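Please read the following points with the coordinates open beside you. They are set out in the order in which I went through the model.

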Amino acid sequence: SVCLFILNAHTVRSTSFILLQGVPPTVALDEGRAAILAVDGVLSLHELHVWQLSESKIVASVHVMASRNHDFMPIAAKIRKALHERGIHSSTIQPEYHARNAPPEEHLKVRSFV
């Protein structure tokens, strides 16, 4: 027997976009980056990735250079809140710390350009 599947263009585009893990058009990546950098205790970030996991769920992962002078759990909570306010439902945040013999933290802080 032969099965015939009829897919509308929206379903094909939506499914393709999810499979390709593209940044959803509803998310402003620069705005998210700026919001993370604005969190007290965040010195810099890299590897910020945002993708659509399903029709209704957007997720992110990011590596954050965190200050040794702050407890990381409140920093992570503020980052999650900032991302959630931008439509990102779930996030994985990887903390990193600079070497103790590195320049002082105030020389490491990256300011947002947005």
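**Notes on the predicted model**

1. P25 is exposed, since its relative accessible area of 75% lies above the 50% cut-off that is used for that class. As this is a predicted model, the value should be read as a computed one. P25 belongs to the loop that links α1 (9–20) with α2 (29–37), and its C-alpha atom is separated by 9.8 Å from that of Q52, although the two residues are 27 apart along the chain.

2. The sheet is open and consists of three strands in the order β1-β2-β3, with mixed pairing. Its edges are formed by β1 (42–52) and β3, each of which pairs on one side only, and from one strand to the next the twist averages 15 degrees.

3. The antiparallel part of the sheet is the pairing of β1 with β2, which are joined by eight bridges; within this pairing, V50 stands opposite A60 in β2. Helix α2 packs on the sheet, where it touches β1 and β2, and its direction makes about 145 degrees with that of β1. Helix α3 also packs on the sheet, touching β1, β2 and β3, and its direction makes about 145 degrees with that of β3.

4. The parallel part is the pairing of β2 (residues 58–66) with β3 (residues 90–96), which extends over seven bridges, and here V59 has S90 in β3 as its bridge partner.

Notes:
Residues numbered from 1 in each chain as written. Predicted model: local features only at pLDDT ≥ 70, side-chain atom pairs only at ≥ 80, totals over all residues. Heavy atoms only, no water. Pairing = 2+ DSSP bridges. Helix = DSSP H or I, 4+ residues; strand = E, 2+ residues; numbered from the N terminus. Buried < 20%, exposed > 50% of the residue type's maximum accessible area, 1.4 Å probe, protein only. Axes fitted to C-alpha atoms, helices over the stretch in contact; angles between N-to-C directions. Contact = heavy atoms within 4.5 Å.
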